[in-house]
Amino acid sequence: MNEFFVGLSSPERVYFLSAIGGGLAFVMLTALMFIGGGGEGDSGGMEADGGSGDTDASFKALSLHGLSAFFMMFGLVALAAVREFEASQAVGGLYGAVAGVLSVMTLQRIFQLFIGLQEAGNLDPANAVGTTGVVYLGIPADGAGQVELTVQGRMKVMDAISAENEAIPTGSRVRVVALQGGNTLSVVRSGSVASETPEEA
């Protein structure tokens, strides 16, 4: 390995180090992702409805993976073009840059599909019915606001409307009584008669 490195020209050494460094980083990041140390879905905090927590985490993961993938492919392709196909240093670098960009674009697409499947399969808004939470964004009498509550063990901020057509200010405790339109919660102030289930009435 040492003899191989010594025999490389300065640009080839850059390509070689880029491939090694990027490859090691990519492998380590991927390993951490699968064992939970750097998973995309682990936001480490509150997630807004629509996956903003997941989006932030996945963006960070994509940024790190993207950089490592770019340098790995840049180095590999550029070095191969120069050493194996006898391309000039400039042409080799160009091929490497194109390969790096394509790898990042491919990785981005994979992340988007992964996050889309995760968001579609993990959270069922219907499980929020019967839970209590706090108004995160004031709910007008004839419009939608947002409530913060725990669904399936995860803190979420979800769109909500007033079941009693009354304004509910920020900070009020509410109870979810129904699901409207697939993702919007219908809520009442916690303790309201309308919030009681038939078994509790």
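Begin by selecting Glu12 and Arg83 in this predicted model: the two residues form a salt bridge, with their closest N and O atoms 3.6 Å apart. Glu12 belongs to helix H2 and Arg83 to helix H3 (residues 52-83), so the pair ties together parts that are 71 residues apart in sequence. Side chains of opposite charge can pair when their charged atoms come close. Colour the two residues by accessibility next. Glu12 counts as buried because its relative accessibility is 8%, below the 20% limit. Arg83, at a relative accessible area of 38%, is partly exposed.

Which residues of H2 are buried? They are Glu12, Tyr15, Phe16, Ser18, Ala19, Gly22, Gly23, Thr30 and Met33.

A search of the whole structure finds two salt bridges. For the other, select Glu166 and Arg189, whose side chains meet at 3.5 Å, N to O. This pair links distant parts of the chain, 23 residues apart: Glu166 is in the loop between E4 and E5, and Arg189 is in strand E6. Glu166 is partly exposed, with 28% relative accessibility. Arg189 is also partly exposed, its relative accessible area being 32%.

Remain on strand E6 and select Ser186, which is found there. Is Ser186 buried or exposed? Ser186 is buried, with a relative accessible area of 5%. Leaving aside residues up to four places away in sequence, Ser186 touches Ile161, Ala163, Arg175, Val176, Val177, Ala178 and Gln180.

The next stop is the largest nonpolar core, which has 14 residues. Select Ile139, Val147, Leu149, Leu185 and Val187, the members that touch the most other members. At least two residues of this core come from each of strand E3 (144-151), strand E4 (154-162), strand E5 (173-180) and strand E6 (184-189). E3 supplies the largest share, three residues. Apart from this core lies another, of seven residues, including Leu8, Phe74, Ala78 and Leu79. In soluble globular proteins, nonpolar side chains tend to be buried together.

Return to Leu149 and display its surroundings. Not counting residues up to four places away in sequence, Leu149 touches Ala128, Thr131, Thr132, Gly133, Arg154, Met155, Lys156, Met158, Val176 and Leu185.

Tyr95 is partly exposed, with a relative accessible area of 46%.

Finally, show the entire protein. Its secondary structure comes to four helices and six strands, following the pattern α-α-β-α-α-β-β-β-β-β along the sequence. Of its 201 residues, 34% count as buried. The accessible surface comes to about 11,200 Å², of which 62% belongs to carbon and sulfur atoms. Among contacts with a separation of 6 or more, 56% are accounted for by residues 24 or more positions apart.

How values were computed:
Residues are numbered from 1 along each chain as its sequence is written. This is a predicted model: local features need pLDDT of at least 70, side-chain atom pairs count only at pLDDT 80 or more; totals for chains, interfaces and linings use all residues. Side-chain values use heavy atoms; hydrogens and water are left out. Buried means under 20% relative accessible area, exposed over 50%, partly exposed in between (1.4 Å probe, protein chains only). A nonpolar core is a set of buried Ala, Val, Leu, Ile, Met, Phe, Trp, Tyr and Cys residues joined through side-chain atoms within 4.5 Å. Contact means heavy atoms within 4.5 Å. Accessible areas come from the Shrake-Rupley method with a 1.4 Å probe; for residues, only the protein chains shown count as cover. A salt bridge is a side-chain nitrogen of Lys or Arg within 4 Å of a carboxyl oxygen of Asp or Glu.
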